[in-house]
Amino acid sequence: AARRGKDGDDEYEVGRPARRGRKARERRRSSEAGKKRKTRSGVARAVEKDVGLMGTKAGMTSVFTEEGKKIPVTVIGLKDGGNVITQIKTTETDGYNAVQVGYDQKRETLLTKPELGHLKKNECPPMRTLAEFKLENIPEGLEVGAELDPTALFSVGDKVDVAGKSIGKGFAGAIKKYGFKRGLMTHGSKSHREHGTTGPGSTPGRVFPGTKHPGQMGDKRVKVKKLEVIQVEKDLIVVKGAIPGKPGNLMTVTKAKGKV
């Protein structure tokens with residue numbers, strides 16, 4: 001026979017361990033979902049130094065400096081329509097300061113009605129990508145609907161941070177992913193490229209969180225910091241060195257923080 005709780009659900013049955021009821025399971029799921037939401041909000045993007053731009057990785061090439069030195073560079077192209085300010089958030093209205101920027105103009109049929117309504121409310125054209133740049137203070141002179149000028153934000157010699165999604169490498173072992181050393185290939189060794197033991201002994205008898213294991217490699221947002229701007233035009237930004245991702249990937253360019 002089952003015993004009924006106050007909420008009408010079965011708490012346990014005779015001869016069986018206590019069993020959670022339906023409402024208890026729902027409460028547990030809702031609390032777990034709340035914890036996940038808190039975790040996601042805890043890793044939000046950091047506050048930037050100034051408003052940034054979005055662009056498309058065109059590829060790498062090399063240029064010669066005035067001194068005759070050959071340096072590798074990456075070209076970040078800006079598509080037609082540029083970067084348009086679609087919303088300005090303040091602590092009074094949204095609880096934090098941020099500038100929302102839209103990039104890559106497209107036709108209205110490719111937008112959902114909520115996205116299209118948000119942009120039409122601010123009298124902005126339909127944009128493929130929207131991104132926020134969190135700031136300590138909103139710079140003066142910014143207006144919703146205005147297009148950001150790369151030549152006004154950056155100049156030759158500036159240091160910038162470039163972020164984008166890295167190239168996915170699939171499921172990789174610890175040697176490829178973290179640079180672990182392999183075991184002997186001869187002399188009777190049975191451990192060549194294996195990961196090896198991962199947990200301590202009976203105390204504490206568990207694997208510590210954060211232990212490096214085989215897993216998916218790449219396909220994550222990566223930021224390369226303090227790259228030098230070699231050239232900046234209305235439709236492109238050229239930076240020294242390599243940036244994440246393949247040609248065609250979406251990139252964000254912001255002013256470098258800290259000592260430059």
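**Terms and the values behind them**

Reply: By class, the lining of the largest cavity comprises four nonpolar, two polar and seven charged residues. Here Ala, Val, Leu, Ile, Met, Phe, Trp, Tyr, Cys and Pro count as nonpolar, Asp, Glu, Lys and Arg as charged, and the others, Gly among them, as polar. This is a predicted model, in which local features need pLDDT of at least 70 and side-chain atom pairs count only at pLDDT 80 or more, while totals for chains, interfaces and linings use all residues. Residues are numbered from 1 along each chain as its sequence is written, and side-chain values use heavy atoms, with hydrogens and water left out.

Me: What makes a space a cavity, and how many cavities of 30 Å³ or more are there?

Reply: On a 1 Å grid over the protein atoms alone, a cavity is a set of points where a 1.4 Å probe fits but cannot get out; a pocket is an open set with protein on both sides within 12 Å along at least five of seven lines; and lining residues have an atom within 4 Å of a point. Grid points are joined across faces, edges and corners, and a volume is the space filled by probe spheres set on the points. The count by this rule is one cavity of 30 Å³ or more. The largest cavity has a volume of about 110 Å³. Its lining has 13 residues, and Arg 45, Glu 48, Glu 132, Phe 133 and Arg 221 lie nearest its centre.

Me: Which strand gives the largest share of the lining of the largest cavity?

Reply: Strand 7 does, with four residues. Strands (E, at least two residues) and helices (H or I, at least four) are DSSP runs, numbered from the N terminus. The chain has four helices and 14 strands.

Me: What is the volume of the largest pocket, and which strand gives the most to its lining?

Reply: The volume of the largest pocket is about 210 Å³. Of its 14 lining residues, the closest to its centre are Arg 45, Thr 129, Arg 221, Leu 250 and Thr 252. Strand 7 gives the most to this lining, with four residues.

Me: Why is Asp 104 called buried?

Reply: Buried means under 20% relative accessible area, exposed over 50%, and partly exposed in between (1.4 Å probe, protein chains only). Asp 104 has 10% relative accessibility, so it counts as buried. Asp 104 is in strand 6 (residues 98-105) and has a positive phi of about 70° although it is not a glycine.

Me: Is Glu 123 buried or exposed, and why?

Reply: Glu 123 counts as exposed because its relative accessibility is 73%. This residue lies in the loop between helix 2 (113-121) and strand 7. Most residues other than glycine have a negative phi, and most peptide bonds are trans.

Me: Which residues does a cis peptide bond join?

Reply: The cis bond joins Thr 203 and Pro 204, with omega about 5°.

Me: How many aromatic pairs are there, and why is the pair of Tyr 178 and Phe 180 given its name?

Reply: The structure holds one aromatic pair. The ring centres of Tyr 178 and Phe 180 are 6.0 Å apart and the planes are at 35°, so the pair is tilted. Rings of Phe, Tyr and Trp (its six-membered ring) pair if their centres lie within 6.5 Å; planes under 30 degrees apart count as stacked, over 60 as edge-to-face and the rest as tilted. Tyr 178, at 35% relative accessibility, counts as partly exposed, and Phe 180, at 30%, also counts as partly exposed.
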